[in-house]
Amino acid sequence: MSAKTALIYSSRFNTFNYGADHPFHVQRYQLAYELIRSYGLVKLPGSEINSYPLVKEESLLVFHDPDYLGKLREFSATAQPRADFRYGLGDVENPVFEGLYDWALLSTSGTVEAARLVADEGYDTVFNLAGGWHHAHRARASGFSYLNDAVIAIHGLLDRGKRVVYLDIDAHHGDGVQEAFYSDNRVLTISLHESGDYFFPGTGYEHEIGRGKGKGYSVNIPLLAHTDDPLFMKAFDEIAYPLIAAFDPDVLFTQLGADTFRTDPLTRLEITTHSYSYILRKLKALRLPWIAVGGGGYDNMNVARAWTIAWAIMNGSDLNPRLPASFVNLISDLGYKNRMLLDAMHWAEEDDRNRALDGVERSIGAIRNMVFPLLIGGHG
């Protein structure tokens, strides 16, 4: 029996602009959608959702400070340059632009709708391309993120009595989500990310395991620069997968950032579609109700390829490893030279890889000592 799935995409995603010099470009959503469409993956019955209700402000207040929301609305009203650094607004990282609040609300509402479809309408999997703003804090914008869509949507799931695994495979630590549920044993947060030693946001170490009732329910796997496909899969297989199984959640929530890829301009990991696909296939095999959101990725073609692969796996579809001719024609006009959807498995240079391997093994050992006894018990 085929899965009941939904892809959330709106042409309105492309009507906002962080600025020409900002590394985040909303055009990546249209590029990803065009590739998904070129493979015929928007023709699945009932699988595409282009419109959905916007969440009310009271739903945002489960996490966000009302004064912060007021400032977002105020700064959203005009294109006049201004800043309020108490709230992280107006710097190079988190620019202020006209429609800012509308943009954040639109993407957040897509994730809330995804959670509703899974929890209330019986969907097996829903993927909101424009979600994944995992750095937003209670009263501060951070890391291009203004509203934390995952936190707001997960609160809705908790209100329905669901237990949730939040798995984040973005190159950056999911610090805002961890912060929200750090004392909560109903949400297991797992983040695989580039180490914060010299990398934003400077958090996400093995010792950050939660507090109080939430002790053991925050899991971080910091990866050293040059971590490659086999090491990424190793970290997932030896830590993330057994913990997900042990927690046995009602809902799986994944942030699928593609900035781990080796050609991303902002990161130093060496992941390809090989390990990305591997992890998604293993998640699919869990047969859990699944909510997915986009996330980071600053090479637009990497984002398009990654999220097309993700959507295909969610629907049990095998894709031609060569990009469709219609899509190649489109991207050629835009200056992209890509011709392949899939990459071969990649190994980093030996010295770099040995250091990354040592780092992965240290992390695995630390988490097995600190977290496994709490979540799995003596058999971990």
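Which elements each supply at least two residues of the lining of the largest cavity? They are α6 (175-180) and β5, where helices (H or I, at least four residues) and strands (E, at least two) are DSSP runs, numbered from the N terminus. The model is predicted, so that local features need pLDDT of at least 70 and side-chain atom pairs count only at pLDDT 80 or more, while totals for chains, interfaces and linings use all residues. Residues are numbered from 1 along each chain as its sequence is written, and side-chain values use heavy atoms, with hydrogens and water left out.

A search of the whole structure finds 2 cavities of 30 Å³ or more. On a 1 Å grid over the protein atoms alone, a cavity is a set of points where a 1.4 Å probe fits but cannot get out; a pocket is an open set with protein on both sides within 12 Å along at least five of seven lines; lining residues have an atom within 4 Å of a point. Grid points are joined across faces, edges and corners, and a volume is the space filled by probe spheres set on the points.

The largest cavity has a volume of about 40 Å³. Strand β5 gives the most to its lining, with 3 residues. The residues around this cavity include Tyr-166, His-173, Gln-178, Thr-189, Ile-190, Ser-191 and Asn-220. By class the lining has 3 nonpolar, 6 polar and no charged residues (Ala, Val, Leu, Ile, Met, Phe, Trp, Tyr, Cys and Pro count as nonpolar, Asp, Glu, Lys and Arg as charged, and the others, Gly among them, as polar).

The second largest cavity holds about 30 Å³. Among the residues that line it are Tyr-18, Trp-103, Trp-133, Phe-144 and Tyr-146. Its lining has 7 nonpolar, 2 polar and no charged residues.

The largest pocket has about 290 Å³ of space. Of its 17 lining residues, Val-55, Ser-59, Val-112, Ile-152 and Gly-156 are the closest to its centre. Two or more lining residues come from each of α4 (100-120) and α5 (149-159). The lining divides into 8 nonpolar, 4 polar and 5 charged residues.

Helix α4 also packs against helix α3 (residues 66-76): their axes come within 6 Å and cross at roughly 125 degrees. Axes are lines fitted to C-alpha atoms, for helices over the stretch in contact, and angles run from 0 to 180 degrees between N-to-C directions. The two helices α3 and α4 are therefore oblique to each other (under 35 degrees counts as roughly parallel, over 145 as roughly antiparallel, 65 to 115 as roughly perpendicular and the rest as oblique). Leu-69, Leu-72, Arg-73 and Ser-76 in α3 meet Leu-100, Tyr-101 and Asp-102 in α4, with contact meaning heavy atoms within 4.5 Å. This contact has 4 nonpolar, 1 polar and 2 charged residues.

Strand β5 (residues 187-194) also holds Val-187. Val-187 counts as buried because its relative accessibility is 0% (buried means under 20% relative accessible area, exposed over 50%, partly exposed in between, with a 1.4 Å probe and protein chains only). Leaving aside neighbours within four places in sequence, Val-187 is in contact with Ile-154, Leu-158, Val-164, Phe-181, Tyr-217 and Phe-247.

Trp-290 lies in strand β8 (residues 290-293) and is buried, with a relative accessible area of 1%. Trp-290 and Leu-252 are 38 residues apart in sequence but 4.8 Å apart in space, C-alpha to C-alpha. Beyond four places in sequence, the residues that Trp-290 touches include Val-118, Asp-124, Leu-252, Leu-280, Lys-284 and Met-314.
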